[in-house]
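Hi,

Here is the structure I said I would pass on. Have a look at it first, and then read on for what turned up.

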Protein chains: 4
Amino acid sequence: MKQVKVAVIGASGYTGQELLRILLRHQGVELVCATSRQYAGQMLEDVFPRFRHVPGADLRFTDSDVPAVAATGAEVAFLALPHGVAAAYARGLVDAGVKVIDLSADFRISDPAVYEEFYDKPHPDLDLLKEAVYGMPEWHGEEIRKARLIASPGCYPTSILLPLIPLLKAGLLETEGIVVCSSSGVSGAGRKADISLLFCECNESVRAYGVPKHRHLSEIEQELGAAAGEKIVISFTPHLVPVNTGICTTTSAKLKPGADPAQIGKTLEGAYKNAPFVRLLGANKCADTKNVTRTNFVDIGWAYDPRTGRIVLMSAEDNVIKGAGGQGVHAFNVLCGFDPTEGLWII
Amino acid sequence: MKQVKVAVIGASGYTGQELLRILLRHQGVELVCATSRQYAGQMLEDVFPRFRHVPGADLRFTDSDVPAVAATGAEVAFLALPHGVAAAYARGLVDAGVKVIDLSADFRISDPAVYEEFYDKPHPDLDLLKEAVYGMPEWHGEEIRKARLIASPGCYPTSILLPLIPLLKAGLLETEGIVVCSSSGVSGAGRKADISLLFCECNESVRAYGVPKHRHLSEIEQELGAAAGEKIVISFTPHLVPVNTGICTTTSAKLKPGADPAQIGKTLEGAYKNAPFVRLLGANKCADTKNVTRTNFVDIGWAYDPRTGRIVLMSAEDNVIKGAGGQGVHAFNVLCGFDPTEGLWII
Amino acid sequence: MKQVKVAVIGASGYTGQELLRILLRHQGVELVCATSRQYAGQMLEDVFPRFRHVPGADLRFTDSDVPAVAATGAEVAFLALPHGVAAAYARGLVDAGVKVIDLSADFRISDPAVYEEFYDKPHPDLDLLKEAVYGMPEWHGEEIRKARLIASPGCYPTSILLPLIPLLKAGLLETEGIVVCSSSGVSGAGRKADISLLFCECNESVRAYGVPKHRHLSEIEQELGAAAGEKIVISFTPHLVPVNTGICTTTSAKLKPGADPAQIGKTLEGAYKNAPFVRLLGANKCADTKNVTRTNFVDIGWAYDPRTGRIVLMSAEDNVIKGAGGQGVHAFNVLCGFDPTEGLWII
Amino acid sequence: MKQVKVAVIGASGYTGQELLRILLRHQGVELVCATSRQYAGQMLEDVFPRFRHVPGADLRFTDSDVPAVAATGAEVAFLALPHGVAAAYARGLVDAGVKVIDLSADFRISDPAVYEEFYDKPHPDLDLLKEAVYGMPEWHGEEIRKARLIASPGCYPTSILLPLIPLLKAGLLETEGIVVCSSSGVSGAGRKADISLLFCECNESVRAYGVPKHRHLSEIEQELGAAAGEKIVISFTPHLVPVNTGICTTTSAKLKPGADPAQIGKTLEGAYKNAPFVRLLGANKCADTKNVTRTNFVDIGWAYDPRTGRIVLMSAEDNVIKGAGGQGVHAFNVLCGFDPTEGLWII
């Protein structure tokens, strides 16, 4: 198998660590650098003892500056950086000829006005934004193949978009009145020293947050609108639940008058029959995060309620894999011409 | 304070244990019997070491037969029994002159046809059903005072009804398109030996279940309909999350055209200004189960989303207290003329 | 009941919050101030929504300076401050005529050389140290009654000392070769923004720490030595486990040649027959933190192993109650002449 | 790579599932059957949705009878059966020419009298017992290579033996007064419908159990005795902690008079320099189960306490991998001549 030189920028967060775990098992990857401002100079295994003795993991965190990364000969760089920080790295790396898979939100919103509405500041790099590709392999494989900059989807959006896109494309759902509730594991909030993320603050706690206008809405509505061919606004409420990883999303949408509920399953099956990581559970089957954690799978179940005329879509994924690092590697495989599942058969 | 003789039938489940904990601290209660088929003859403290050395807790589980319970002189009996099992006890006890607070679903549904639709069998005691009172003290205090049989509300219904009832009564919400997602701790499934409730099956797991027609819908829609003055059907998806106790409910409903979002808060405040256990968090405030577990409080926050015209209501309660045993004792206090908070200032 | 004016200094940590919860239920306490540098000026219920609507809890955090505390008329002050910070407050408050119950380690070690060995600096107030009383009500009631400054025992020491002290006093155990393993919930590490205490770092993790010379050893060995009448050194390994509160301690010690194993139970029963919070589980019974969390009880079981000639002592307590705030209130009750259990019948 | 036909008998418990996950990734394994009495006839992915879409996992549970298993052409069979049930299968399979790796305790104790003392019945197959090999690859590779029947070590024993064996062999430790405390995740108790294993009974609970004479002691003392060249009895207390998988073991043993503490690290390094799955953390380093869960690694740290003259050994492993299925596959690799790490580079 050919070898692609890969850099991971911001490798010490939860997504960064997961990326390293996946890339170290990927047969076509030569990991040339893993950066971390906080741990620069330290061995990976001294910061994260989990990597001790793992083949290929005897590497040292380096500093994150662009010239140094470029000098490693990296052909592709993953950015596992906070929103707002990634854009400048993307610019520098793309200019240096390194293809970029950005796991932050910086290049996901193609309309700068929407970006500004949700992120409270002008977009930092309108030029680069124009060429960024939304990196959902199930729906944007063609663009990913030719991209220099891939904006990898967010964790909540992935769990919401995958069930909804084909149904909206098929015109089965009303575009008004879509209501989504998601529950995420605590890793979704990142690895940062914050009182509200302490064990004793999260354990034995279930809570909504970020209402009524979570930033991910911008990304979700952009892609839903593209699928439906019309502007869509939805009601979305994220929750924090005491698990390490996993997102469980429940979406309620009204079936269009005259639509046949049996089309739900058929449409999903048609859309994903060649999608290796989308597992359709069937009608009246519920998704459980426990079946997808530490994998790149997303599980999707659905149910039609004749009493309300509504469809309930239930999806589960691992937020740091299918919702972040795994999805990024999936896009990387498409970009580089590897088998889409290379490095991702984790069970 | 006067002393009321109280029996707890089915005292060894999670709700039964919680009832015992509350009643043992209640200044006006003389606990005359606690029954358990499984543990009859054993000391409470030998089955549940938590009760060891606790004043008043040196009692022995007895058998559950009605004559024996009646012979203890019990004036009020709490039934913490499975659905379907409670009805016969209620009959016998009421006939023996014992007032009954039934924590099961057996007498919550006033329309026998709805009962049969959701519980798959005819109602077992139509006579008694006629006089049963829905035991939500915030809205049915008057009836509770005069009742012989109180059907204490379910855990999910309590968390859903308390925020919605006043808003529907005030005509602020569209009655179509109400969508509810609830997440419950594992105690909600009861204390029974079932593989799916094992630690390793629930820990690190978040899952929907019971779609699309959970039995509690019958009760929820009955009370919502009564509040709105019209038939209501809603979309309701319950989830299981890895906490011992706690329900976090998120409800999305469309504001009526022309209604002022500011009326949401004002209406809730008006409705609950004298309700000791309803805590209104305010606009754009989220409820967290961690603040209500082991208390009889329900916390309610809300948010208006001008983009969708929808209101999000967020509520949190302890499913075995406010959603079961605590609410039952609250009704007991009303029934017997005690201060409504007696025995319930647990923090 | 008489009313004692009480101040809580450092009321926003896990122990401070627990103290507030207990004191608000205490019939003989008038809470005159709760201080927090971090939250000074804010309402208790705004920082900790759990306290909303709770009778007596509508108070505001104030600043911690000694003159302001003294000016509230406080007769007794609880110090729930970090080690090293408490000593100066103790000095100022005692000088101002306020009796002090210090939950930190600052005054627990009576030998200044031992303090310096374990805390790496000279003791800050040798004068005050001389009059400090070790506040374990089961063994130091007499001194507590007359004290101006009570050094409340640490969480690990409490769980280790209560089973061992009577057996050492009775000369049943070899003083050499005592080995202790304890597992503590994460609240034991305090409420501080530290990466290692994040949910994702503690959940699904069990780990030893602080080997081989945890600071609590100084306190444990001081009290064991006093009980045995000779110097004792022990092997002690603390562990962190993913629960909010609770300490489970297992102690292995060799029975003295010729001693009768049956004396273990008898000696413990004799020692604690009047101790309301010590629950003896019996021979071959194991302690479970789940039975003691949120109570002031400590559960003690034991087993004799004829193969090794060793006794295993198993104890469980809530680290922030019996191991901190609850034990402090117990000492307060003794100090002020209240019933020892006042405010502490929590189940 | 050559292909070995493998059967897994009892594939639906926690260890069985883990075996399947490992074997499906093993390049040299053709999985010919997975049996389960409970689920015979059902597809693996219908019982355990985690296996859906996984390459090679489209198999059906079959019944467990020996002739049917032999008829599949299996060359090696793993027994993931309860103690007492495995022996008869081992007999039948060995007689049918199938090599057996037994993960139960049935053939671990070479002395039938010890077996009877700890398992309360005579050993069921003394003939077969004679040829059984204790399957710890780090110490018994030679015998494993030639075995027909491998008794794979227990989970607790693995975590205790690996650190102790080399130190006892080197004569560094006193053989009297060894004290071990272990904490295990709940999967260690198996996947069985038992009230005491429910989520709400284990969550927020830490408890000792099985004192003073846990069955694993027989196996531990047998191997320690063999290493030391003399009979050894130890004090061992297992605990249950609320994690899915993971064992954290802390061992305290007295250094022999005159022995140099520095020899501890050197001896461990010498013993395990070629052991791919033993990771030595170094002096005063603590093991954390979070670093080894879902891997076949065991992490070992140690500390010398000059105050007591004792060594503390801290080890962490995943109880269902290194403590069960992974260790079994490691032995399988040795038995079949594969690279010892084949299929086991899981991180």
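**What turned up**

Pro212(A) sits in the loop between β8 (207–208) and α10 (216–228) of chain A. The bond that joins Val211(A) to Pro212(A) is a cis peptide bond, with omega at about -5°. Chain B has a cis peptide bond too, between Val211(B) and Pro212(B), again with omega of about -5°. There, Pro212(B) is placed in the loop between β8 (207–208) and α10 (216–228) of chain B. Do keep in mind as you read that this is a predicted model.

**How the copies are arranged**

Chain A can be laid on chain B by a turn of 180° and a shift of 0.0 Å along the axis, giving an RMSD of 0.0 Å. Of the interface residues of chain A, 100% are interface residues in chain B as well, so these copies meet through the same surface.

Now for the next pair. The same surface serves both of them, since 100% of the contact residues of chain B recur in chain C.

UniProt, in an unreviewed entry, lists Cys155(A) under "active site". Is this residue buried or exposed? Cys155(A) has a relative accessibility of 15%, and with the limit for buried set at under 20%, it counts as buried. Leaving out residues up to four places away in sequence, Cys155(A) touches His216(A), Ile247(A), Glu317(A), Asn319(A) and Gly323(A).

Cys155(A) belongs to helix α8 (residues 155–169) of chain A. Of the 15 residues of α8(A), 14 are buried, so the helix is largely enclosed by the rest of the structure. Its length works out as well: at 1.5 Å a residue, α8(A) should span 21 Å, and the C-alpha atoms at its ends are 21 Å apart. Even so, α8(A) has a kink of about 40° at Leu161(A), shortly before the proline Pro163(A). Just after the helix, Gly171(A) takes a positive phi of about 70°.

Arg294(B) has a positive phi of about 65° although it is not a glycine. You will find Arg294(B) in the loop between β11 (278–283) and β12 (298–305) of chain B, and it is partly exposed, at 27% relative accessible area.

Glu204(C) is another residue other than glycine with a positive phi, near 55°. It lies in the loop between α9 (199–202) and β8 (207–208) of chain C, and at 13% relative accessibility Glu204(C) counts as buried.

Last, Cys33(D) is in strand β2 (residues 29–35) of chain D and is buried, with a relative accessible area of 7%. Among the residues Cys33(D) touches are Val6(D), Val8(D) and Thr62(D).

Cheers

How values were computed:
Residues are numbered from 1 along each chain as its sequence is written. Chains are lettered from A and ligands numbered from 1 in the order in which they are written. This is a predicted model: local features need pLDDT of at least 70, side-chain atom pairs count only at pLDDT 80 or more; totals for chains, interfaces and linings use all residues. Side-chain values use heavy atoms; hydrogens and water are left out. Contact means heavy atoms within 4.5 Å. UniProt positions are given in the numbering used here, feature names are shortened, and annotations may be inferred rather than shown by experiment. Helices (H or I, at least four residues) and strands (E, at least two) are DSSP runs, numbered from the N terminus. Buried means under 20% relative accessible area, exposed over 50%, partly exposed in between (1.4 Å probe, protein chains only). Copies are superposed by least squares on the C-alpha atoms of residues with pLDDT of at least 70 in both. The expected span of a helix is 1.5 Å times one less than its number of residues. The bend at a residue is the angle between axes fitted to the seven residues ending there and the seven starting there.
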